[in-house]
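Let us learn to read a protein model together.

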Amino acid sequence: MSQREAEVLQAVAGHLSNTQIASRLHISVRTVESHVSSLLRKFGVPDRRALAELAPAVAAQPPAGAGDGPVTGLPTTRTAFIGRDREQAAILEALGGGRVVSLVGPGGVGKTRLAVRTAEAVATQYPFGGVFVDLVPVREGFVTQAVAALLGITERPGRSLDAALHEYLARGRSLLVLDNCEHLLTVVAAFVEKLLADCSGLTVLVTSRERLAVPGERTVTIPPLSLVAEDIDHAEGSEAEALFIDRARAIDPEFAASPAVVGKVCARLDGVPLAIELAAARSASLGVDGLLAGLDDHLRLLAGSRGGQERHRSLRAVIDWSYDLLDENERAMFRRVGAFVGGFDLDAATAVWPDGNRGMVADLVGRLTDKSLLRHRRGPDGSRWQMLETIRAYALDRLAASGEEAAVRDAHLIWAASVSADLEQRAETGQQWRSAFDTVADDLRAALTRNPCPGDGGSVTGWPVRSGIWPTPAGSCSSPVSTTRPQPRALPGRCRRPRTCAPRPMSPGPRDTRPRPSNCC
C-alpha cells in the first residue's frame, strides 16, 4: 500500500466523501475513485463501509519491510565497542519505563556511541522504525526540518511539515534518537513535548551535556570508563585500559606496555574515552612513557586527529563546544573553580568569587553541574564538586588567558590559609580533623607550591599564617603549633596587598595520590 493509498484509507475511515477526500489531499475526484477501487481489491472487501471498518487494523500493522534495520541514519562504527555493560543495562531499563530518555555527560564521554549501540539493540522493538538525527549542524528553528529530511517527509499543499512529521511518527511504535542537543535545549524540549503528546507510540532517546527537563524524562548519567579491573571481563584490565590497548594496537600492532603504566595514563585521562583514543593515537610516536610526560599539558598532547567530527579532533575543541554555550557568569565561575586541585565545597567556591555572593555561587555551581562540567559528590561533611582533570586543564588555560589568574591565586591562597588555621584549631581542641585534612590536602599543597613561603614566622601575601598543619611536599604535615589565627581579608579584586614571595603560575598537574603517613600530627 502506497503512502497516498494510506491517506485515502484514513480519510475513508473518517467517513469522508470522495469529493471531500479530493479537496483535503488536493487531488482529483477521479484519482480518489481509483485509489478506493484499488483498496477494495487489495483487501477483498465489498464496499466503503467494510473498508472503513478495516482501516484501524491496517493502520496498526507495521509498514512493509519494517524490522529490517528500521532505525535509519545510524552512523557506522569502525572500531570495537569496549565495556559499558552497566550503562547499557541502565539505558534499557530507562527505556522500558519511560518514553523520553536522556543520556547526559561531559563531552567525549561516549554518549553518541552508547546511543547508537542502544538503538541497534532495541530496533526490533519498534516495528514502525525510527531515525537517528545528529543535531550538531542544526541551528535553532530547523529541528523539524532535520528530522523530516532524514525520514523523507516533505511539506505538501494544505499540510504543514510539522503535521506531516507528527502523522508519520503517530503510526505506531517508533524510535527517535536526537544526538547532541545541548545547544538547542529549549527548542528540542518543546519539539519533544509536542511529539510525545501527539504520537502515543513514540519513544525519544536523547544525548546531551544537559538534560531536557521535560515531564516524564528519565536521565541516565554517563560516567567515564571504569578504571577498576574488576568491573570488566577483559584480559587487558579495566574498561579504560582495554580501550587504550585496543586503539593503540590498531595503530601499532606490536604495541606493548606494562599494565601499571597503561593504568597511570588512563587515570591521568580520567577514563574519558575520547581522551584515551586521542592519547592512544600518539602512542606509536611517543610510547607510553612519552605520553605520561606529555600529559603535563593535556591540551597540547590530545590534538591532531584527522577523522570524525571536527569538534572531536582535539580535547580543546570538545570542551570549547561546552564553554561557548555558557553565559559570562558561568564562564567566570568555571575558570575560577578550576583553581581547586582536589575539589571544593560551596564555601571554597564562594572564596574565589569576586563579591562573595553565596546565593549566586550556589546557582552557578549548580548550573555548571547540570551542564556536565562539574561532578557532584555527597559526603559526610556535605556536598562537594570536582572537575575531571582534562576539563580542569582547560579551565586553567582559560583562567590564564582571562587576566584573572593572579586574583584567583590570591583568593585560593587566603582560603587555604583559613582552612589550615581551622584544622589547627580542631587539632588543638581535640576535635576530629584528619578526614577534613585529607579532603583539602591537595589544595593546601598546591597553595604552598605556588607560594613557597609559609612556615614558622613566614607569611602569605603579606599576612601571617600558621605553619602547623600545612602539608609538606612529601604529603605529611607537621605537628600543630600555637600562633595567632589569621583573619580573612578582602578578596582579590577589592584591595591590593604586597607580596613577600614570588608566586608560581597555576598548573593542571596530577593530584598527589601518594599515601600520607598514618602518624601525621
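The dialogue below goes from helices to cores to single residues.

Q: What kind of model is this, and how are residues numbered?
A: This is a predicted model, where local features need pLDDT of at least 70, side-chain atom pairs count only at pLDDT 80 or more, and totals for chains, interfaces and linings use all residues. Residues are numbered from 1 along each chain as its sequence is written, and side-chain values use heavy atoms, with hydrogens and water left out.

Q: Which residues of helix 2 are buried?
A: Buried means under 20% relative accessible area, exposed over 50%, and partly exposed in between (1.4 Å probe, protein chains only). Helices (H or I, at least four residues) and strands (E, at least two) are DSSP runs, numbered from the N terminus. Helix 2 spans residues 18-25, and N18, I21, A22 and L25 are buried there.

Q: Why are they on the same side of helix 2?
A: An α-helix has 3.6 residues a turn, so residues three or four places apart point the same way. N18, I21, A22 and L25 are the buried residues; they cover an arc of only 100° around the axis, which puts them on the same side of helix 2. The arc is that of the directions from the helix axis to the C-beta atoms. T19, S23 and R24, on the other side, are exposed.

Q: What follows helix 2?
A: H26 does, and its phi is positive, near 60°.

Q: What does helix 11 pack against?
A: Contact means heavy atoms within 4.5 Å. In helix 11 (residues 259-268), the buried residues are V261, V262, G263, V265, C266 and R268. They pack against helix 10 (239-251), helix 12, helix 13 (298-301) and helix 18 (389-402).

Q: How many residues has the largest nonpolar core?
A: A nonpolar core is a set of buried Ala, Val, Leu, Ile, Met, Phe, Trp, Tyr and Cys residues joined through side-chain atoms within 4.5 Å. The largest has 69 residues, and F244, L302, F334 and F344 have the most contacts inside it. Helix 12 (residues 273-294) gives the largest share of this core, eight residues. Another core, of 32 residues, lies apart from it and includes V131 and C199.

Q: Is T203 buried or exposed?
A: T203 is buried, with a relative accessible area of 6%. T203 lies in strand 5 (residues 202-208). Beyond neighbours within four places in sequence, its contacts include L95, Y126 and S174.

Q: Where is R336 found?
A: R336 is found in helix 15 (residues 328-337). R336 counts as buried, at 10% relative accessibility.
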